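Let's take a walk through this protein chain and see what a few of its residues are up to. Have the structure open while you read.

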Amino acid sequence: MATAESHGKYCGGKLIVKKVIKRGHVASLKISCISTNRARHSYQWSSSPYLPNGKYLINERINHAFLCSGMLPSHYTRFCNGARMGILSVDARDNFFKKYKIFVKEEYEESTNTALLEEIGSYEDLDGIDIITDARHGWRKNAQDTSVVAIGEQTHKVLNCVHVTKADDPVTQRHEKHGTEQVYRELDQKQVSVKVHTHDRNMAINKLVKQSKNGLTTNQNDTWHGVKSVKKAMATVSSGPMYLKERKWSEELHDKVESVATHFHWSIRNSEGDASRLTANLDNIVEHYKGNHKECHSTSRCRTDPNYESKRVIIQSPVAEKLLNSVIKNSIIYKIQTILD
Ligand SMILES: [Zn+2]
Ligand SMILES: [Zn+2]
């Protein structure tokens, strides 16, 4: 517009596009005028501004977008050709990638280091952190690859991301284990130990965590999520509006939200993979809080200490008993004992 305007001020000739050259996604135009007085005014115009390094802003932007999208090169090529919007050459993309990589790595280091510090800072005890890991399988450069991501249990921020390719291990099924080992190595280098490691029920990871060299890490096959929902259910039966008191919730359960959750963790650990023992342990929670310790574990304080007095309110109301019972029996852990490996 500005070019046409300024040209119009001193020349009555009509501007026409003489030539269009595509440079990546940028159109570079040669514009000339058809003048009656035989003057030939010509201009060079491009559809993108320049960056200080002389490159086109639009091309750098598309390169950036392409790398961040996770789009496969073949999809990019097909899309650009189909849309006829120009295309960046393989060389241009490779050169950009080489430069870009350095900054991504820097950002990654900074981001994960900060996240790790935040995660460590959110625990009262400084002896370790809890992590959640999962693997994502995908394709890169026509070969199957896997990303193993570890997030902090408290902050849910990414603490580590390991990329495993067929070059690391030709067997894709072993990629998650390979990546998880790498996560442990890197946390170890940063002198951070893992207290609870939650993941889906991948048997190889179960084995890996159990064999971890210090044996200090607790392996959790998502029982964490199971116990978390127990806490949620406990919260709804331990407080509420006055008019529902002793009907939908009970005062007697008010001090038992955390302790019932702990009891669940304890029951899982002390069932040694035996489903019927787990059921019995969980069923006994109600009896324990009623003050009947006959079936409690022989090592429990309520059995070993003759002067044992529960810190918690003893359950006497049938409503409280019924509510606690329903929380236990409706929990995913009670229903699916197969959660144990
Ligand atoms: Zn002119
Ligand atoms: Zn007991």
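M71 counts as partly exposed in this predicted model, because its relative accessibility is 33%, and partly exposed covers the range between under 20% (buried) and over 50% (exposed). You'll find M71 in the loop between α2 (57–69) and α3 (73–83). Together with F79 and M85, M71 makes a nonpolar surface patch of about 260 Å².

Now for a residue in another spot. Is H7 buried or exposed? H7 is buried, because its relative accessible area is 1%, and buried means under 20%. H7 sits in helix α1, which runs over residues 2–10. Leaving out residues up to four places away in sequence, H7 touches G13, L15, C33, H41 and Y43.

Next, the aromatic rings. How many aromatic pairs does a search of the whole structure find? The search turns up 3 aromatic pairs. One of them is formed by F66 and Y76, and that pair is tilted, with 4.9 Å from centre to centre and 45 degrees between the planes. F66 belongs to helix α2 and Y76 to helix α3, so this pair links distant parts of the chain, 10 residues apart. Both F66 and Y76 are buried.

Finally, step back to the whole chain.

| Domain | Residues |
|---|---|
| domain 1 | 2–88 |
| domain 2 | 127–220 |
| domain 3 | 223–339 |

Where do domain 1 and domain 2 sit relative to each other? Their C-alpha centres lie 47 Å apart.

Methods:
Residues are numbered from 1 along each chain as its sequence is written. Chains are lettered from A and ligands numbered from 1 in the order in which they are written. This is a predicted model: local features need pLDDT of at least 70, side-chain atom pairs count only at pLDDT 80 or more; totals for chains, interfaces and linings use all residues. Side-chain values use heavy atoms; hydrogens and water are left out. Patches are made of residues with over 30% relative accessible area and no salt bridge: like charges are joined within 9 Å, nonpolar side chains (Val, Leu, Ile, Met, Phe, Trp, Tyr) within 5 Å. Accessible areas come from the Shrake-Rupley method with a 1.4 Å probe; for residues, only the protein chains shown count as cover. A salt bridge is a side-chain nitrogen of Lys or Arg within 4 Å of a carboxyl oxygen of Asp or Glu. Helices (H or I, at least four residues) and strands (E, at least two) are DSSP runs, numbered from the N terminus. Buried means under 20% relative accessible area, exposed over 50%, partly exposed in between (1.4 Å probe, protein chains only). Contact means heavy atoms within 4.5 Å. Domain bounds come from an automatic or database domain assignment. Rings of Phe, Tyr and Trp (its six-membered ring) pair if their centres lie within 6.5 Å; planes under 30 degrees apart count as stacked, over 60 as edge-to-face and the rest as tilted.
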